Amino acid sequence: MKSFLEGVINRNKYMCELGKVADYIPGLSTANKSHLGICIIDTSGEIVIAGDADIKFTLQSISKPLTLMLALLDRGEKYVFSKVGMEPSGDAFNSIRKLETGRMRKPFNPMINAGAIEVCSMIKGKDSSEKFERVLNFIRLISENNNLKVNEDIYSGEKETGNKNRSMAYFLKGEGLITGDVEDVLDIYFKQCSIEVTAIDLAKIGLFLARGGVLKNGDRIVSEHIATIAKTLMTTCGMYDGSGEFAIKVGIPSKSGVGGGILSVIPGKMGVGIFGPSLDLKGNSIGGIAVLEEIAENFKFSIFN
């Protein structure tokens, strides 16, 4: 498997030159666009790494299904989805248009920025610091890495440039969907996006989801139903407004982030972590998608086969 993965990385590395790194958040623009790496961990615990899988980057939108699982534990499915929908938006991840014009009058799903900000407002805790610590500790738990922490430079950049996210949050507050202090909610969101990981960490989270919410030691952290909700929304909404095309060409539950990561799940089999900071026009790792497409085709991993 290792030699195969190394070949996949080498065959698709040229794709990185066709994209560009995110530059609208200070700190992300310093990434090396030629980096491309993958980690796969199967249910037996075998870890296979190829390329630049040990380079640190920030979760960005990959944090969204993770915080969603915690919110579902805290509030329950009925409450969570009374405030955020389950449908693809068809718009860019940072679009505000349908908040006002959409028939639902709430974010279309938890994988777009508005929906993720709404989900952050549901996390329990006495203040924003405690709420974020619960988010961080949950992600540490399911990644089985207690050393995860916030990249403070990226976090500062998120706060400095996050005015569009602020506009969404204040709109949600005005609609009565967010309760509590808007800036506190945004602080949780900015921090969760700034948690630093590697492709190896993502593969471990993917394996957690592949097992239906169970850790390597057998401990169940979320119900199988909650894990299924996360994987379903990753399938329908996880690759921004390229989710439909990705479902056809790759067909595995995945969530991307503009830091260059992709978290993927082959249910019942393995978790996959990708790092490739060169992005396509929709904000997905251009090399990462090419790698996943070749792997899915070779092993017939699509859940739709």
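Let's start with Ile 252. It sits in the loop between helix 12 (243-249) and strand 5 (254-256). This is a predicted model, so keep that in mind throughout. Buried or exposed? Ile 252 is buried, because its relative accessible area is 4%, under the 20% cut-off. What does Ile 252 touch, leaving out residues up to four places away in sequence? Phe 246, Ser 264, Val 265, Ile 266, Leu 292, Phe 301 and Ser 302. One distance to note. Ile 9 is 243 residues away along the chain, and its C-alpha atom is 19 Å from that of Ile 252.

Next, a charged residue. Asp 42 belongs to strand 1, residues 37-42. Asp 42 is buried, yet it has no salt bridge. How far away is the nearest side chain of opposite charge? That is Arg 211, at 7.3 Å. Asp 42 does have a polar partner. Its side chain makes a polar contact with the side chain of Ser 44, at 2.6 Å. Beyond four places in sequence, Asp 42 is in contact with Leu 207, Lys 269 and Met 270.

Now helix 7, residues 152-161. Its buried residues are Ile 154, Tyr 155, Gly 157 and Glu 158. Looking down the axis of helix 7, these fall within an arc of 160°, so they line one face. What covers them? Strand 3 (57-58) and helix 9 (182-193) are among the elements that do. Turn to the face away from the buried side. There you find the exposed residues Glu 152, Asp 153 and Glu 160. The N-terminal end of helix 7 is capped by Asn 151. A side-chain oxygen of Asn 151 lies 3.1 Å from the backbone nitrogen of Asp 153.

On to helix 8, residues 163-174. Twelve residues at 1.5 Å each should span 16 Å, and the end C-alpha atoms are 16 Å apart, so the two agree. Which residues of helix 8 are buried? Asn 165, Arg 166, Met 168, Ala 169 and Leu 172. They cover an arc of only 160° around the axis, so they sit on the same side of helix 8. Just after helix 8, Gly 176 takes a positive phi of about 80°.

Last topic, charge pairs. Side chains of opposite charge can pair when their charged atoms come close. How many salt bridges does a search of the whole structure find? Twelve. I'll pick out a few.

Glu 294 and Arg 11 meet at 2.5 Å, N to O. Glu 294 is in helix 13 (residues 286-299) and Arg 11 in helix 1 (residues 2-12), so this pair ties together parts 283 residues apart in sequence. Glu 294 is partly exposed, at 22% relative accessible area. Arg 11 is also partly exposed, at 45%.

Lys 126 and Glu 130 form a salt bridge at 3.0 Å, N to O. Lys 126 counts as exposed, with 68% relative accessibility. Glu 130 is partly exposed, at 30%.

Then Lys 216 and Glu 144, whose closest N and O atoms are 3.9 Å apart. Lys 216 is in the loop between helix 10 (199-210) and helix 11 (224-237), and Glu 144 is in the loop between helix 6 (128-143) and helix 7, so the pair links parts 72 residues apart in sequence. Lys 216 is exposed, at 62%. Glu 144 is partly exposed, at 34%. Finally, a network. Salt bridges with shared partners join Lys 159, Asp 187 and Lys 191.

Note on methods. Residues numbered from 1 in each chain as written. Predicted model: local features only at pLDDT ≥ 70, side-chain atom pairs only at ≥ 80, totals over all residues. Heavy atoms only, no water. Helix = DSSP H or I, 4+ residues; strand = E, 2+ residues; numbered from the N terminus. Buried < 20%, exposed > 50% of the residue type's maximum accessible area, 1.4 Å probe, protein only. Lys, Arg positive; Asp, Glu negative; His and termini not counted. Salt bridge = Lys/Arg side-chain N within 4 Å of Asp/Glu carboxyl O. Polar contact = N/O pair within 3.5 Å; in protein donor to acceptor, adjacent residues only side chain to side chain. Contact = heavy atoms within 4.5 Å. Arc of directions from axis to C-beta. Expected span 1.5 Å × (residues − 1).
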